[in-house]
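Hi,

Here is the structure I promised to pass on. Have a look at it first, and then read my notes below.

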Amino acid sequence: MKQDWTFDSLLEQGLLLAAAKDAEELDPDAEVEFSPQYQKFRKEFLKDPFRCARRNKRPVWKKVLQTAAGLLLAAALGLAALLAVSSEARAGLLQWVRTVGDTSVCYDFFAEPTNQVPPRYEIGALPEGYVEAERNADPKIVSVFYRSENNPRIYLEYMYMEEGVGPLLDTRGVEVSDIEVHGCKGDFYYCPDGTGSNAIVWADETAGILFSIDMWAERDEILRVAESVYLAE
């Protein structure tokens, strides 16, 4: 499933979650009480419906703007409060987010830690001459180093998208653009002056894993290697 960062989507999910929680607390046998505002309007309407209608007749665009602004503000405040106090809501609405700063990009995750070592992934389409030279795995991050006698190294790194793990990438002198790896949202980090390697970072939300490939190659070659990463066990 692809991550949707848009505010409209988060707002919709937040309202649905809040409505569901409210519905769980409703008593189907409870007597309905109308608000004082409704009772006042009902009284005025029954007394003089035409006068009430003229007074409430305003341009449609004005009604829409005022109503939308009020709903947007209320929903935004409610969503912010919900995310602030509920780790369950954060995990449900935001599996992960990417924060772009002036000189860095930070990936933050909201899933509860499992302390499990990620499974074994490998690169299926290594460039000719490369072999796996080293693999380091701990309960949070797996780093794999590939080497070749006559070419620079290749790094594959991946981690579960869990709270307390998200990486922080230095983007000084680096151009960042959107990219997709097998339909998964990702970023391409390009060093235009050639003094550093290039990288692709992408999130597989189905597996709950963030991947990165770092190598001295152009975009299409790195993408080819990234799309060949597979689950080996």
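What jumps out is an open sheet of seven strands, ordered β4-β5-β6-β11-β10-β9-β8, with antiparallel pairing. At its edges stand β4 (131-137) and β8 (175-181); each has a single partner strand, so one side of each has no neighbour in the sheet. From one strand to the next, the twist averages 15°. (Angles here run from 0 to 180 degrees between N-to-C directions, with axes as lines fitted to C-alpha atoms.)

Some housekeeping before I go on. This is a predicted model, so local features need pLDDT of at least 70 and side-chain atom pairs count only at pLDDT 80 or more, while totals for chains, interfaces and linings use all residues. Residues are numbered from 1 along each chain as its sequence is written, and side-chain values use heavy atoms, with hydrogens and water left out.

On to the overall numbers. The protein chain has six helices and 12 strands, taken as DSSP runs numbered from the N terminus (helices are H or I, at least four residues; strands are E, at least two). Strands count as paired if DSSP finds at least two bridges between them. Of the 233 residues in the protein chain, 31% are buried; buried means under 20% relative accessible area, exposed over 50%, and partly exposed in between, with a 1.4 Å probe and protein chains only. Taking contacts in the protein chain between residues at least 6 apart in sequence, 51% join residues at least 24 apart, where contact means heavy atoms within 4.5 Å.

There is also an open sheet of three strands, β1-β2-β7 in that order, and the pairing is antiparallel. Here β1 and β7 are the edge strands with a single partner each, so one side of each is left without a neighbour in the sheet. The twist averages 15° from one strand to the next. Five bridges join β1 (residues 96-100) to β2 (residues 104-109), and a hairpin of three residues connects β1 to β2. Across this pairing, Thr-99 stands opposite Cys-106 and Arg-98 stands opposite Tyr-107.

Trp-202 stands opposite Phe-211 in β11. Those two residues also turn up in a cluster, linked by ring pairs with Tyr-121 and Tyr-158.

Which brings me to the aromatics. A search of the whole structure gives six aromatic pairs. Rings of Phe, Tyr and Trp (its six-membered ring) pair if their centres lie within 6.5 Å; planes under 30 degrees apart are stacked, over 60 edge-to-face, and the rest tilted. Tyr-121 and Tyr-158 have ring centres 5.2 Å apart and planes at 75°, so this pair is edge-to-face. It links distant parts of the chain, since Tyr-121 is in β3 (residues 121-123) and Tyr-158 in β6 (residues 154-160), 37 residues apart. Both Tyr-121 and Tyr-158 are buried. Phe-188 and Tyr-190 make a stacked pair, because their centres are 6.0 Å apart and their planes at 25°. Phe-188 is buried at 5% relative accessibility, whereas Tyr-190 is partly exposed at 24%.

What about the core? The largest nonpolar core has 26 residues, and Ile-123, Leu-156, Ile-200, Trp-202, Phe-211, Ile-213 and Val-229 have the most contacts inside it. (A nonpolar core is a set of buried Ala, Val, Leu, Ile, Met, Phe, Trp, Tyr and Cys residues joined through side-chain atoms within 4.5 Å.) Elements that supply at least two residues each include β3, β9 (184-190) and α6 (219-226). Not counting residues up to four places away in sequence, Ile-200 touches, among others, Ile-179, Phe-188, Phe-211 and Leu-223. Apart from this core lies another, of 11 residues, including Trp-96, Val-105, Ala-203 and Leu-210.

Finally, two loop residues. His-182, in the loop between β8 and β9, has a positive phi of about 55° although it is not a glycine. Most residues other than glycine have a negative phi. His-182 is exposed, at 58% relative accessibility. Thr-171 sits in the loop between β7 (168-170) and β8 and is buried at 10%. Leaving aside neighbours within four places in sequence, its contacts include Asp-102, Ser-104, Val-176 and Tyr-189.

Cheers
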